[in-house]
Each structure stands twice: as structure tokens, then as C-alpha cells.
Amino acid sequence: PTGRTSGRGRARAGAGRRAPGGGEGRRRSSVAKGRKSLLQARQPEAAAELPEMFDNGPGDAANCVSVVVLRGRDFRVMDHNLFSKGGSSDPFVTATIEGRTAKTSIKKKTTAPEWHERLDLSCEHLEGMLMLKVYDWDQLSSPDFMGTVAVKLEDLGEREQCRGWFPLLNEDLRAPDEPRGDLEIACLFHH
């Protein structure tokens with residue numbers, strides 16, 4: 001994929017990459033500072049990042065949902081260590097709307113990953129669901145499902161940010177018998 005650099009020197013990974021269904025899915029990483037939020041008292045480093053990550057620049061598409069995948073916590077151990085009691089996972093997240101998909105980078109050997117990556121998915125109407133699925137990457141086999149988060153698009157008002165920790169659910173969107181962990185995300189619809 002090609003990348004372009006903004007005037008502040010941050011690369012935008014995946015610019016120009018097309019997601020299935022003809023829409024555009026892009027990943028954007030950033031560490032930025034910005035306005036205060038209610039979460040700043042508890043999470044000053046995370047609260048400061050979002051405003052700039054949600055700013056549309058020239059060439060950014062209108063009618064899209066921007067999802068900032070911030071971090072995960074308490075993810076299940078998917079890769080068990082044969083020589084000790086411990087283990088880890090290699091998680092990544094896919095975001096899907098109306099058949100268009102974008103994904104984060106893979107975070108190796110962690111059950112508490114930090115991404116701080118923006119995924120943009122074109123979306124004409126605020127109908128349906130934003131599906132976020134967490135997988136464990138495996139080099140020799142297909143990825144293992146770790147959990148999913150579903151966000152109703154109608155809950156994303158125009159230019160209103162939806163942010164929080166969401167529990168990972170089973171594939172059928174039901175609560176698991178044992179916790180799968182939580183995913184912190186922020187979403188915004190650009191019209």
C-alpha cells in the first residue's frame with residue numbers, strides 16, 4: 001500500500017487501498033494532543049489523541065464512519081506456551097460496514113494490545129451495524145476468532161463521538177459464558 005505524509009510528518013498507512021465491495025478502508029495511526037474530554041482525568045494520554053484523529057483532511061471522503069481502535073484489555077490467551085503456564089495472543093481487529101472491511105495491524109504477544117489506529121469505512125446511510133471482530137493471528141493457520149463488538153450505526157449522530165469500552169461477545173452477538181475481554185473504541189460519522 002502507498003502512504004502519504006501530512007504536514008506534521010505522520011504517515012497515513014493504507015491510503016488508496018480498496019476494501020471489498022468497492023468502498024475504501026484505510027488505517028491511520030497517530031499520536032496527537034487536543035481538547036479535553038470527560039475521560040482525560042482517568043486517561044489523559046488516550047483522551048488527548050482523538051480530536052486530531054477525527055479531523056478530515058483534504059481528500060478524505062464524506063459519508064464515512066471513522067473508527068479509532070484504541071486498545072484491548074483482558075483478552076484470552078490464544079497461544080499457549082508449551083514450557084510454562086503462561087501464553088499470549090497476537091490480536092488484530094477488523095471493522096466491517098455494508099461489506100466494506102478495514103483492519104488494524106497485528107500486535108504480537110499481548111493480551112492487552114494498544115493500537116491507536118483509525119479505520120475509515122464509507123457508509124451512505126446510518127443503518128445497519130458496524131461490526132468489529134478481534135482475531136488472533138497465526139502464522140501457520142487461519143486466524144482464530146477472539147470476540148466481536150457490534151455498534152448500531154443509528155447510534156452515531158452526525159459529528160457526535162461514541163466512545164467507550166465494549167465487552168467482546170460471541171460470534172452470534174450473545175454474551176460469552178466466560179469473559180473474552182474488552183475493546184476500547186471511538187466512532188464518528190462524517191457527513
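Ser105 and Val93 are twelve residues apart along the chain, and their C-alpha atoms are separated by 7.7 Å.

Before I go on, please keep in mind that this is a predicted model, in which local features need pLDDT of at least 70 and side-chain atom pairs count only at pLDDT 80 or more, while totals for chains, interfaces and linings use all residues. Residues are numbered from 1 along each chain as its sequence is written, and side-chain values use heavy atoms, with hydrogens and water left out.

Val93 brings us to a sheet, and there Val93 stands opposite Val134 in E10. Strand E7, residues 91–97, and strand E10, residues 129–136, pair in the antiparallel sense over six bridges; two strands pair if DSSP finds at least two bridges between them. In which order do the four strands of this open sheet come? The order is E8-E7-E10-E11, with antiparallel pairing. Strand E8 (100–103) and strand E11 (144–152) each have a single partner strand and stand at the edges, so one side of each has no neighbour in the sheet.

Is Gly147 buried or exposed? Its relative accessibility is 0%, so Gly147 counts as buried, the term meaning under 20% relative accessible area with a 1.4 Å probe and protein chains only, whereas exposed means over 50% and partly exposed lies in between. Leaving aside neighbours within four places in sequence, Gly147 is in contact, that is, with heavy atoms within 4.5 Å, with residues including Leu132, Val134 and Arg180.

Finally, I turn to strand E4, residues 64–73, where nine of the ten residues are buried, so this strand is largely enclosed by the rest of the structure. Seven bridges join E4 to E9 in an antiparallel run, and Arg71 has Glu114 as its bridge partner in E9. Nine bridges join E4 to strand E13, residues 182–190, also antiparallel, and there Cys64 has His190 as its bridge partner.

Key
Helix = DSSP H or I, 4+ residues; strand = E, 2+ residues; numbered from the N terminus.
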